[in-house]
Amino acid sequence: MADWNWTLEEAQQLDREDELAGFRERFYLLPDTIYMDGNSLGLASRDAEQAVLKALEEWKTLGIEGWTEASPPWFYLAEELGKRQSDLVGGKPEEVIVTGSTTVNLHQMVSTFYRPEGKRTKILADELNFPSDIYALQSQVLLKGLDPAEHLVQVKSRDGRLIEEDDIIAAMTDEIALILLPAVLYRSGQLLDMERLTREAHKRGILIGFDCCHSIGSVPHRFSEWGTDFAFWCNYKYLNAGPGSVGGLYVNERHFGTRPGLSGWFGYHKERQFDMVHEFEPAETAGAWQIGTTHLLSSAPLLGSLQIFEEAGMERLRAKSLRQTEYLMGLIDRLPESLGYVIGNPREAERRGGHVSLEHEEAVRICKALKARHIIPDFRFPNVIRLAPIALYTSYEEVWRTVEALRGIIENREYEVFATGRNVVA
């Protein structure tokens, strides 16, 4: 851990020395509020706003001609965004497409690559994954006429927080047809060793893919180098593309030519899409896995957001993210044990994503007390307070003030005035 003195003055000095501090001014920061929830919904940027206004203007002035004459043309927007996003996942431009949503893209990937045959009939997942992924995997097993209780294998956690890679590898039996795992676990922030897991899966002849919702924009990936079969993600967390914005997916080029499990209009070979024939001819890129028409107003904010990421650089963003989460954990470690806070995420830099998972038996009420102090956290059942310093717009001073608020909420018993039940949206 760095040699910090943990004072407010030091936090302010760290902000003055921060080479990425200028990007903060390009975001709409909530007035008089510390926003520690960018791992759930990123803040709006001026760049994203301008991209949306530009898309609206082109719709107003070009009408249907925008499909070919807008900048970039709407007809090729998904491919353009995929090319610009490819560096974030370590894929070749043709291996990435921006389309659909997280769960739609999950269904698309699994419907394509889950082919139960002979002994290999099972999907391998984990018991700590986000519920939507498990619902979708259950559905895909049912669609094959199989029972999820038998054919969906979920690796157990040893401590309720983390999943050990050794346990995942031990579960890669000759009955497994497909593996789907999170890149970063949504509660604990654990970053899985995707390179190792891909290598071990392929040794056993198993296809493997990753849900990168909690890693893209926070953690560098090298999917092409690793040979990962597929991945998918949302763009509204660390990538700041707006609530419900378009998702993205990666397909390794060795799978090009495979018919998508869910074929659709926009997955057709681009140059012949308007021939309107009924024989499906997939695009020769990841674009084949598109289903429907590009959602212009959902995609436009990502154009602006990616401009910021291209300027900042993923390596610099990751370095600052690691430093800020280390700083946050160090401040928490200095709180008295009697306050009851426990850090539940891995400490090692190579094993943690972009947020700190802070556990407390009064997590629900503490989160409400933080909001009363105009600090926005994120609660996850049953006892997790997720805190995410976002490298583009969270200051070190805000991190320091957040931990001081955590101290005061317990010492002053501020949490006791709040109800114990969580809100509908936690």
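1. Helix α4 covers residues 77-89, 13 residues in total. From first C-alpha to last, α4 reaches 18 Å, close to the 18 Å expected at 1.5 Å a residue. The model is a predicted one. α4 also bends, by about 35 degrees, at Lys 83.

2. The buried residues of α4 are Leu 77, Ala 78, Leu 81, Gly 82, Gln 85, Ser 86, Leu 88 and Val 89. An α-helix has 3.6 residues a turn, so residues three or four places apart point the same way. Packing partners for the buried residues of α4 are the strands β2 (96-98) and β7 (230-233), plus the helices α10 (223-226), α11 (296-312) and α12 (314-333).

3. Now the two ends of α4. Pro 72 sits in the loop between α3 (66-69) and α4. The peptide bond joining Ser 71 and Pro 72 is cis, with omega about -5 degrees. Just after α4 comes Gly 90, with a positive phi of about 65 degrees.

4. Helix α13 spans residues 363-372. Eight of its ten residues are buried, so α13 is largely enclosed by the rest of the structure. The buried residues are Ala 363, Val 364, Arg 365, Ile 366, Cys 367, Lys 368, Ala 369 and Leu 370. Note that Arg 365 and Lys 368 are on that list. The cover over the buried residues of α13 includes β11 (375-376), β12 (378-380), β13 (384-387) and α14.

5. Most residues other than glycine have a negative phi, and most peptide bonds are trans. His 374 has a positive phi, near 65 degrees, and is not a glycine. His 374 lies in the loop between α13 and β11. Its relative accessibility is 47%, so His 374 counts as partly exposed. Further along, the bond from Phe 381 to Pro 382 is cis, with omega near 0 degrees. Pro 382 belongs to the loop between β12 and β13.

6. Helix α1 (residues 8-17) packs on helix α14 (residues 396-411). The angle is about 155 degrees and the axes are 7 Å apart. That angle makes α1 roughly antiparallel to α14. On the α1 side, Leu 8, Ala 11, Gln 12, Leu 14 and Asp 15 make the contact. By class, the contact of α1 with α14 holds five nonpolar, one polar and three charged residues.

7. The segment after α14 contains Arg 413. Arg 413 is not a glycine, yet has a positive phi of about 55 degrees. With a relative accessible area of 48%, Arg 413 is partly exposed.

8. Thr 325 is in helix α12. Its relative accessibility is 1%, so Thr 325 counts as buried. Leaving out residues up to four places away in sequence, Thr 325 touches Arg 352, Gly 354, Val 356 and Pro 389.

9. Thr 258 is in the loop between β8 (248-251) and α11. Thr 258 is partly exposed, at 30% relative accessible area. With residues up to four places away in sequence not counted, Thr 258 touches Thr 112 and Trp 289. Thr 258 and Glu 284 are 26 residues apart in sequence, and 9.5 Å apart in space, C-alpha to C-alpha.

Methods: Residues are numbered from 1 along each chain as its sequence is written. This is a predicted model: local features need pLDDT of at least 70, side-chain atom pairs count only at pLDDT 80 or more; totals for chains, interfaces and linings use all residues. Side-chain values use heavy atoms; hydrogens and water are left out. Axes are lines fitted to C-alpha atoms, for helices over the stretch in contact, and angles run from 0 to 180 degrees between N-to-C directions. Helices (H or I, at least four residues) and strands (E, at least two) are DSSP runs, numbered from the N terminus. Angles under 35 degrees count as roughly parallel, over 145 as roughly antiparallel, 65 to 115 as roughly perpendicular and the rest as oblique. Contact means heavy atoms within 4.5 Å. Ala, Val, Leu, Ile, Met, Phe, Trp, Tyr, Cys and Pro count as nonpolar, Asp, Glu, Lys and Arg as charged, and the others, Gly among them, as polar. The expected span of a helix is 1.5 Å times one less than its number of residues. The bend at a residue is the angle between axes fitted to the seven residues ending there and the seven starting there. Buried means under 20% relative accessible area, exposed over 50%, partly exposed in between (1.4 Å probe, protein chains only).
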